Amino acid sequence: MLKNNIDSSHLNASIQPMLKLSSLASSDTTQRRNTISAKTLVELREAIVTTRIKPGEGLSETDVAQALGISRTPVREAFARLFEEGLIEISPQKGTRVSLIDMARVNEATFIRSTLESAVIARSRTIPPITVLDELDMLIRRQERARDDNDMVALHRADMEFHSTLMSAFGMARAWTACQHIVADMIRVQFLVGLRPDHVEAILKEHRGIVASIRSGDFSTAADLMTAHVGSIDLDQNDLREENGHYFQSPEIRP
């Protein structure tokens, strides 16, 4: 099983290695602040999605700012965005914490992603440029290296870049952007249960098949492969209940 390459039960330990924001330099103070805010959001989102910061774990603006060596303003802005995305909860009584996972959202995200991404491919009539197809092959090789290094986070990054590049190749970059706002719980479940070696091999095989079908202009087959690929999340509901039930909104995890 692939393991998360950063495993820490403490907030500062899980956040500290993520950013070196002090290395950012700009003569434009506003531009620099916006860059720090954007990077803080990206890194905090990834830490939550890859479960380096676990569901239900408390978050503090002060602690995060100190861990990153930045002011509280960009952290506050990142928290606001994460709240809008449903990744954190903010309560006067309980403070701020990472949201628990909602299996209904997992199932919904799986349906939306598989439907949207396959439709983008199916409607195409033009094979993307060879340079783009070669880039997709390069991203598959990056996933293979991450598999060999047992690095689940690197595998996740390369996987997301593969899908983003594919949607952009068909002129639908914003379709992928829209997907990013709904897939967090879907990805968090994958990181909690881990990816079995046979599942990783299936992912790589499916990616290769999708690119090969697109290269040959067989968009119908590529679309069918994409539907099966995104919809193939293999979840053992009993294991989720027994090992990770406290990370979910309800003790009853519905199929």
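The model is predicted, so local features need pLDDT of at least 70 and side-chain atom pairs count only at pLDDT 80 or more, while totals for chains, interfaces and linings use all residues. Residues are numbered from 1 along each chain as its sequence is written, and side-chain values use heavy atoms, with hydrogens and water left out.

**Helix packing**

- Helix H5 (residues 103–122) packs against helix H8 (residues 173–180) at an angle of about 175°, and their axes lie 11 Å apart. Helices (H or I, at least four residues) and strands (E, at least two) are DSSP runs numbered from the N terminus. Axes are lines fitted to C-alpha atoms, for helices over the stretch in contact, and angles run from 0 to 180 degrees between N-to-C directions.
- The angle makes H5 roughly antiparallel to H8, a term for angles over 145 degrees.
- H5 contributes Arg113, Leu116, Glu117 and Val120 to the contact, and H8 contributes Ala175, Trp176 and Cys179; contact means heavy atoms within 4.5 Å.
- Five residues of this contact are nonpolar, none is polar and two are charged. Ala, Val, Leu, Ile, Met, Phe, Trp, Tyr, Cys and Pro count as nonpolar, Asp, Glu, Lys and Arg as charged, and the others, Gly among them, as polar.

**Strand pairing**

- Strands E2 (residues 88–91) and E3 (residues 95–98) run antiparallel and are joined by four bridges; pairing requires at least two bridges found by DSSP.
- Ile88 has Val98 of E3 as its bridge partner, and a hairpin of three residues connects E2 to E3.

**Largest pocket**

- The volume of the largest pocket is about 360 Å³. On a 1 Å grid over the protein atoms alone, a pocket is an open set of points with protein on both sides within 12 Å along at least five of seven lines, a cavity is a set where a 1.4 Å probe fits but cannot get out, and lining residues have an atom within 4 Å of a point. Grid points are joined across faces, edges and corners, and a volume is the space filled by probe spheres set on the points.
- Of its 14 lining residues, Val42, Arg45, Glu46, His156 and Gln180 lie nearest the centre of the pocket.
- H2 gives the most to this lining, with four residues.

**Largest cavity**

- The largest cavity has a volume of about 280 Å³, and Asp159, Met160, Gln190, Leu195 and Ile203 are the closest to its centre among 19 lining residues.
- H7 gives the most to the cavity lining, with six residues.

Methods. Angles under 35 degrees count as roughly parallel, over 145 as roughly antiparallel, 65 to 115 as roughly perpendicular and the rest as oblique.
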